[in-house]
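Subject: Structure for you to look at

Dear colleague,

I am handing over the structure we spoke about, and below it you will find notes on what turned up when I went through it.

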Amino acid sequence: MNQAEVSQLVSKLRIRINPRHKNLKCPEGPQGRLNKLRKTVNALFKYERLELNYTLADETRGYAERLISEAIRHGDTHKPTMEMADYWIEEKQLIHKLFKVLVPRFNDYQTSYTMLYRAPKAYPEIVYPRSVLELRGNPFPAILPQRSDQRNFIHNVLLDEAKKAYRAEKYEEITKSLEEQRDE
Amino acid sequence: MKRFSSCLYKKYSGSLCSIKYVSTSANIHPKTEIVAYQNNLFDNEQKRQREAVGRIEKITVKYIGVPENVTLSMNKGISTPFHCAQHISEMLVKRSGLALIDETHLWDMHRPLESDCELTFMHAQYLPDPYHFNRAYWRSCSLILGAVISKAFKTDIQPTLHSFPSPNVKSGSFVYDVELSNLPEWAPTENELRILSANMVKFAQKSYKFERLAVSEELALDIFQENKFKKEQVPNIAQQSIDKKVVLYRIDDHIEISRGPMIGNTDLLGRCSITAVHRLDTKNGHLYRFQGVSLPVNIMLNHFAYSLLEQRAKKLNAARWVDQAQNDTYVPQFSREETAV
Amino acid sequence: MLLKTLNFHRFKCGFAPVLRASRLFSNSPPSDVQQPSDESISGKQVKPERKSVVPSNSRFIYPEFLPDPKIEWRNSLREKLERMDMIQRRKHIDIPEFYVGSIMAVSSSNQHAPNKATRFVGICIQRLGCGLRANFTLRNVIKHVGTEMKYQLYDPTIQKIEVLRLEKRLDDELLYLRDAPNEYSTFDENMEVEYLPEGAPVPVNPEMVKLKPRPWRARWERKNMKGLADLGLEDRFYERAEELATPWEKYDLMKQYRKTIPEEEQKEIFAEVYSELHEVEVMRKKLKRKKVFIKPTKNV
């Protein structure tokens with residue numbers, strides 16, 4: 001049984017956290033691993049949508065979420081947070097993006113700040129599972145189809161009309177019964 | 001009088017008494033000769049029209065959409081949107097039901113292209129709105145229903161197809177009006193409806209193409225000489241069309257008048273059930289209105305939700321009676337293409 | 001007798017023995033040990049008003065109420081039941097606020113002792129575990145022998161826990177005291193309780209410890225301890241320490257996250273237990289005030 005570390009307080013992330021980190025292939029050890037993740041975090045903040053190996057994307061997602069949540073929590077005047085952002089973001093103009101663009105964007109979010117989708121594999125070249133990692137609220141067209149588009153599909157049209165007909169029938173019944181009551 | 005045919009399905013043998021009129025055999029064709037004659041005429045006309053194309057000219061067809069934008073060089077008056085789809089992707093061949101030309105004209109999958117155009121394909125999940133596909137699908141369902149009805153009954157009952165109203169998906173059911181001789185009072189049983197539904201699905205699964213042919217009034221009259229209703233309708237239709245032609249559709253050996261457009265192939269029909277047959281009293285005598293509901297093959301629906309649709313489709317579809325107004329087979333703007341906008 | 005065995009043990013093993021003071025007794029702890037006396041409550045009839053706002057430093061005062069952050073071991077029901085048990089125990093004996101570096105005295109049942117109880121005074125050098133398994137280690141030098149006692153915080157054999165001097169040290173673990181000269185961990189057994197003024201922050205003792213020359217129980221030059229004076233080693237030790245240092249670990253955001261309980265969860269937990277903890281605390285303060293009246297105050 002370990003004791004929880006209490007020296008610093010963190011915000012809860014709204015994503016699933018793996019119990020253990022996933023190993024990435026990197027000969028330089030744990031430091032190399034962070035360097036690798038740093039590149040993808042940087043690219044995520046730059047391009048807002050990436051296609052990656054699933055493992056790398058899943059790992060990157062946690063770090064990106066943590067960085068954004070720290071930025072939201074402490075703001076740009078907090079020195080340790082700025083140091084952290086300085087470490088994780090290699091292109092320094094993106095630090096401004098983090099504090100000036102992403103923090104206002106995600107300030108009121110009740111959901112996670114990123115989305116992770118499984119992407120199809122291009123058989124037979126790529127054998128590793130692929131995925132798409134993106135920041136929410138990005139300017140690109142949505143990856144998943146919009147539910148509202150399916151309104152006009154034939155079954156939905158039929159169901160809508162069936163609902164209307166059912167309601168009309170019920171209303172008729174109600175008015176009839178009311179009239180009967182009045183007559184009595 | 002014994003009405004049962006010799007090859008009943010075993011499935012229904014337990015409830016024989018309820019299956020009185022609907023033929024359970026696939027072999028009984030009461031009007032085989034007439035059908036052969038009709039098809040002969042249709043084939044000849046089709047052949048004549050093909051030969052009339054003459055020297056082959058090329059047209060460029062631009063396809064816009066998934067999997068990629070393509071420019072094709074096709075044969076004028078011969079190549080159809082279906083051929084274009086075959087050049088592009090199998091997925092398009094399988095799912096497309098309708099083509100959209102220059103973003104304005106709806107075009108049948110098997111109707112030859114006539115000039116340079118831009119082409120897109122519509123399917124059941126076409127975005128932003130599959131409205132036109134749904135209409136064409138509903139119309140095609142009526143047509144298939146007509147084909148099934150014409151073969152479903154035993155020899156002593158002569159179904160005479162009347163017509164079907166303009167397709168309206170919102171009405172909840174597709175419809176075909178038929179006169180049944182020798183059957184003044186008929187209320188179909190559950191099993192009879194089930195057999196009709198099964199016949200419909202079986203028919204659809206044979207993957208018949210919807211062949212389109214515009215013919216002259218005389219030929220149309222010749223083809224429908226045995227059908228008193230159609231004979232009446234043909235001159236009307238021809239008059240109202242701009243080029244005095246009547247558009248016919250053929251699936252398997254069943255020929256029908258309709259303005260179109262239709263879907264490309266019967267195998268797009270997925271789940272289907274014939275839910276009710278209502279008796280109508282019109283000035284043409286007693287007609288039976290066959291009603292059904294159906295979903296395209298790639299639309300999945302929970303069985304409970306589907307049962308709701310079936311329940312609704314049992315109620316009488318109040319679409320225009322045949323004598324109330326013009327019906328779909330002879331609307332005034334007959335040969336003008338239905339536009340998408 | 002006990003000390004002799006400890007002594008023997010130490011010589012055999014070469015390090016200060018750690019006793020687990022978790023012998024189970026069938027009888028409950030004697031009721032005379034700081035039980036909230038009935039008349040003190042009923043006499044004044046002062047109901048502690050329930051604070052709705054949980055103070056932000058709860059996580060430092062009651063760290064064992066936070067569950068183990070290891071995700072595979074989390075179980076909300078078990079955690080909740082444990083918290084209920086912990087509160088029940090806290091209603092029986094007073095478990096005061098203490099930190100690593102505080103000087104404490106623990107009385108625990110001991111059937112071999114003449115009065116069936118032993119009192120151990122020492123400096124808290126380590127605090128580990130969570131839930132009912134929370135424990136702390138006291139260290140003292142008794143008769144020139146370094147002695148350590150590891151107590152389970154919620155052990156039913158513990159009769160009384162006193163904090164003689166409430167303070168923090170520069171580090172979260174003072175295990176290096178084992179390698180320090182005895183005077184750093186020598187505390188008088190009859191030490192008197194030093195009270196802090198009401199509402200004062202817990203003082204941090206900036207004492208720097210000068211270790212004995214090598215060999216040590218750990219390579220302290222690699223541990224990055226703040227409370228250690230110059231170790232006086234050759235350069236090669238520091239070079240090696242630098243080689244093995246992991247300066248990137250402070251940037252590993254997810255590693256940190258996996259070691260902590262997020263703020264939202266902490267709030268939930270303390271909101272659940274705080275009203276009862278607060279009640280217990282108010283009672284304790286009342287008793288403390290009584291004591292202050294009895295003995296002359298000796299503030300630092």
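What is the order of the three strands in the open sheet of chain A, and is their pairing parallel or antiparallel? The order is S1-S3-S2, with antiparallel pairing, where two strands pair if DSSP finds at least two bridges between them, and where helices (H or I, at least four residues) and strands (E, at least two) are DSSP runs numbered from the N terminus.

Before going further, please keep in mind that this is a predicted model, in which local features need pLDDT of at least 70 and side-chain atom pairs count only at pLDDT 80 or more, while totals for chains, interfaces and linings use all residues. Residues are numbered from 1 along each chain as its sequence is written, and chains are lettered from A and ligands numbered from 1 in the order in which they are written.

To return to the sheet, its edge strands are S1 (49-53) and S2 (114-119) of chain A, each of which pairs on one side only. S1(A) is joined by five bridges to the antiparallel strand S3 (residues 130-135) of chain A, and A:Glu51 stands opposite A:Val132 in S3(A). Helix H1 (residues 29-47) of chain A packs on the sheet, touching S1 and S3 of chain A, and its direction makes about 150° with that of S1(A); such angles run from 0 to 180 degrees between N-to-C directions, with axes as lines fitted to C-alpha atoms, for helices over the stretch in contact. Helix H2 (residues 54-74) of chain A lies across S1, S2 and S3 of chain A, at about 175° to S2(A).

Chain A has five helices and three strands, which from the N terminus on run α-β-α-α-α-β-β-α.

The contact between chains A and B takes eleven residues from chain A and 20 residues from chain B, two residues being in contact if their C-beta atoms, placed from the backbone, lie within 7 Å. On the side of chain A that touches chain B, seven residues are nonpolar, two polar and two charged; here Ala, Val, Leu, Ile, Met, Phe, Trp, Tyr, Cys and Pro count as nonpolar, Asp, Glu, Lys and Arg as charged, and the others, Gly among them, as polar.

Lastly, in chain B, B:Met200 touches B:Ile144, B:Leu145, B:Val148, B:Cys272 and B:Ile274, not counting residues up to four places away in sequence.

Best regards
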